[in-house]
Amino acid sequence: MELEIVLLIGAVGLIGVAAATLWSLRRGRHAARKAQGDLEHARKTGALPPSLYPRINLDLCIGSGSCIPVCPEVDVLALIDGKAAVVNPTSCIGHGECMRACPVNAIELVIGTEKRGIDIPVLSSDFETNVPGLYIVGELGGMGLIYNAMTQALQCMDAVCKQRIPKSDGVHQVLIIGAGPAGIAASLRAMQAGLDVVTVDQETLGGTVLHYPRQKLVMTRPVKLPLYGAVRFGEVRKEQLLETWQDILDKTGLKIRSGVRVDRVQRRDDGIFSIQTSAGDLAAHRVILAMGRRGTPRKLNVPGEDLSKVTYRLLEPERYTGQRCLVVGGGDSAVEAAIALGECGATVHLSYRKGSFSRIKKKNGKRLNAAVDAGQVALMLSSNVAEIGTDVVMLKMGGDVQALPNDYVFIFAGGILPKAFLEGAGVVVETYHGETFAPANR
């Protein structure tokens, strides 16, 4: 009897193991089919990564899969035929964890593609430009992700704090331009080191985050800030993040000179920087450019774009309830703005010059499809704005021109590098078409 019980238990155990193995195999096959489908979809739509992304050397890749679970975006990477592959490029936002996890160094981080070049200032491993004493961190240097921007800023300031910076009458030791995530992190590190630091911003606290629509979900990662401690966020709404920035100011005593536009930065022969601003001239031994790119929005350059109805950001979508709105652009910002306006009861048309969206995250693609199905957003693909009038917008679609009744136009064509500003400071800029980017900083 006891032997029968033992045999029965053993049989049940074997059945359980077999069932678990079968479930695991089925799950693996499902994941493989999904990954293959994602890859085919990316190729079909011509999906492009928004900024920094991994390039995999298939000759070196051993298919360990160690790069897959470490990616915080979950579905960017997968194993295809025993090799790692980027199956959802639009979801990648450049964390770099995959590169660090690869046991055979088969992954490098690159920026730009053959089709889409990206202008990036030339920087050293400490984020110093070719102009001694002038540094660039964050979005302006190609790193728009909050975590990476703040990490860059801390690494940069660690290098600056090791230097023997003179103390001179009328000359600040460090001037930080920009009060977004990178500017905040750099300022706190400078304060911690006891440096004479001044932080200015043409707007106010928040940087690029300030331009996001209300309730926009911001993706970030935990980071430890000097004088404040750990900021533990995985996913957070815009408002909560801005509240955290304000809490940092309140608890650390960090001061921001808001509403100060910097027009020119120039290094003098004696190594001191002269900074021309809307609030008067400043001088500093070291300058950190923590500015974003959105301060210089890319324009359509069409008649009527100077009308007051045209804007390049959406802060309060509920203000436009019942209004006729045209959103222009093919990236996540344009799609998110169109969805937000539609949810608030605006009549929304979304115009994009191409026939499909190749740069938006899969999540936003699903949300957009749902908004279109619900009648909240009307798509105007393969269209271009020809002219903007006071109560109408002229759209080119194929060989025809369509008059679209309109109250407001929101343009999300991306931000352009302030080349004239950088060149005036003597900074060298290069265009990347898929080349390795800042490997020493990853």
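**Close-up views of a predicted model**

**View 1. Fourteen residues line the second largest cavity, and Cys61, Ser64, Cys67, Ala84 and Cys102 are the ones nearest its centre.** As with every view here, the model shown is predicted. The space inside this second largest cavity comes to about 70 Å³. Its lining has 10 nonpolar and four polar residues, with no charged residues. Searching the whole structure turns up three cavities of 30 Å³ or more.

**View 2. The largest nonpolar core holds 38 residues.** Start with Val137, Met157, Val160, Val174, Trp245 and Ile288, which touch the most other members. Two or more residues of this core come from each of helix H3 (146–161), strand E7 (172–177), helix H4 (181–192), strand E10 (223–225) and helix H5 (238–252). H3 is the biggest giver, with 10 residues.

**View 3. Val160 and its contacts beyond four places in sequence.** Zoom in on Val160 and you will find Tyr135, Ile165, Val174, Arg286 and Ile288 in contact with Val160, once neighbours within four places are left aside. Elsewhere, a second, separate core has 23 residues, among them Val131, Leu175, Leu417 and Ala425.

Methods
Residues numbered from 1 in each chain as written. Predicted model: local features only at pLDDT ≥ 70, side-chain atom pairs only at ≥ 80, totals over all residues. Heavy atoms only, no water. 1 Å grid on protein atoms, 1.4 Å probe; cavity = no way out; pocket = protein on both sides within 12 Å on 5 of 7 lines; lining within 4 Å. Points joined across faces, edges and corners; volume = space filled by probe spheres on them. Nonpolar A, V, L, I, M, F, W, Y, C, P; charged D, E, K, R; others polar. Core = buried A, V, L, I, M, F, W, Y, C linked by side-chain atoms within 4.5 Å. Buried < 20%, exposed > 50% of the residue type's maximum accessible area, 1.4 Å probe, protein only. Helix = DSSP H or I, 4+ residues; strand = E, 2+ residues; numbered from the N terminus. Contact = heavy atoms within 4.5 Å.
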